[in-house]
Amino acid sequence: MTETNGERRSRTAAGVLVAATVAAGLMAGTFYVFACAVMPALARSDDRVYVEVMRDINDVIQNPVFLLGFMGALVLSVLAGWQARRTPGRWWVWAGAAAYVLAFLVTVAGNIPLNDALARPGDPAALRERFEDPWVAWNVVRAVLSTVATACLAAGLTTWGRATRTAAAAVRRRPAGVAPQGPRREAPHAPRR
């Protein structure tokens with residue numbers, strides 16, 4: 001039995017949705033670790049150490065592996081949403097894509113400008129004062145949004161998988177050579193005289 005173009009596209013779309021879910025999950029985990037461990041640990045540091053470590057983190061995190069997950073989650077979730085436009089679970093996928101787009105925008109509009117301000121020369125106490133609370137708050141927002149994105153994408157993947165299995169089972173149960181039929185329609189009754 002050969003694979004049709006529709007089956008190949010369906011497998012590709014499923015692969016994109018799986019990759020989007022994994023990438024969003026990796027980003028949710030990254031932001032979660034910052035919220036639960038990295039930032040509370042740094043809060044115990046003096047101002048100079050705090051600023052130096054955050055500068056180092058902001059420098060080191062700009063690497064291909066992080067950027068692949070960060071940008072990949074964005075591109076893949078949007079692509080998965082577009083590919084899911086006619087499939088069961090599309091609302092979940094679209095919600096997941098929207099949530100990750102918002103997390104991305106929070107990072108770009110909230111966290112990155114704060115990182116850039118922290119990189120400038122200045123008194124460590126003053127730099128930390130302007131940076132710490134807003135950065136932590138924006139990080140929590142993006143952690144929540146990325147987690148919601150992951151959950152929605154996973155729900156879309158589960159819904160799509162169930163629908164695919166149900167459709168495949170229906171095809172297997174049909175006798176060979178019998179085309180699927182729509183709902184039965186009653187023949188119109190002739191008026192009685």
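Contact here means heavy atoms within 4.5 Å of each other. Keep that in mind as we go through this structure, which is a predicted model.

I'll start with Met27. Setting aside its neighbours within four places in sequence, Met27 is in contact with Phe66, Gly69, Phe70, Ala73, Tyr100 and Ser146. Met27 also belongs to the largest nonpolar core, which has 23 residues. Met27, Phe70, Ala80, Val93, Tyr100 and Leu153 are the ones that touch the most other members of that core. Which helices supply at least two residues each? They are H1 (5-42), H3 (64-83), H4 (90-119) and H5 (124-173). H1 gives the most, with 7 residues. Another core lies apart from this one; it has 12 residues, among them Leu42, Met54, Ile57 and Trp135.

Next, helix H3. H3 has 20 residues and reaches 26 Å from its first C-alpha to its last, close to the 28 Å expected. Where does H3 bend by about 30°? The bend is at Gly72. Gly72 is also one of the buried residues of H3, which include Phe66, Gly69, Phe70 and Ala73. At the N-terminal end, Asn63 caps H3, with a side-chain oxygen 2.9 Å from the backbone nitrogen of Val65.

Last, Asn111, which lies in helix H4. Is Asn111 buried or exposed? Buried, because its relative accessibility is 1%, and the cut-off for buried is under 20%. Not counting residues up to four places away in sequence, Asn111 touches Val106, Trp135, Trp138, Asn139 and Arg142. Phe131 is 20 residues from Asn111 along the chain, and their C-alpha atoms are separated by 9.2 Å.

That's it from me.

Note on methods: Residues numbered from 1 in each chain as written. Predicted model: local features only at pLDDT ≥ 70, side-chain atom pairs only at ≥ 80, totals over all residues. Heavy atoms only, no water. Core = buried A, V, L, I, M, F, W, Y, C linked by side-chain atoms within 4.5 Å. Buried < 20%, exposed > 50% of the residue type's maximum accessible area, 1.4 Å probe, protein only. Helix = DSSP H or I, 4+ residues; strand = E, 2+ residues; numbered from the N terminus. Expected span 1.5 Å × (residues − 1). Bend = angle between axes of the 7 residues up to and from the residue. Polar contact = N/O pair within 3.5 Å; in protein donor to acceptor, adjacent residues only side chain to side chain.
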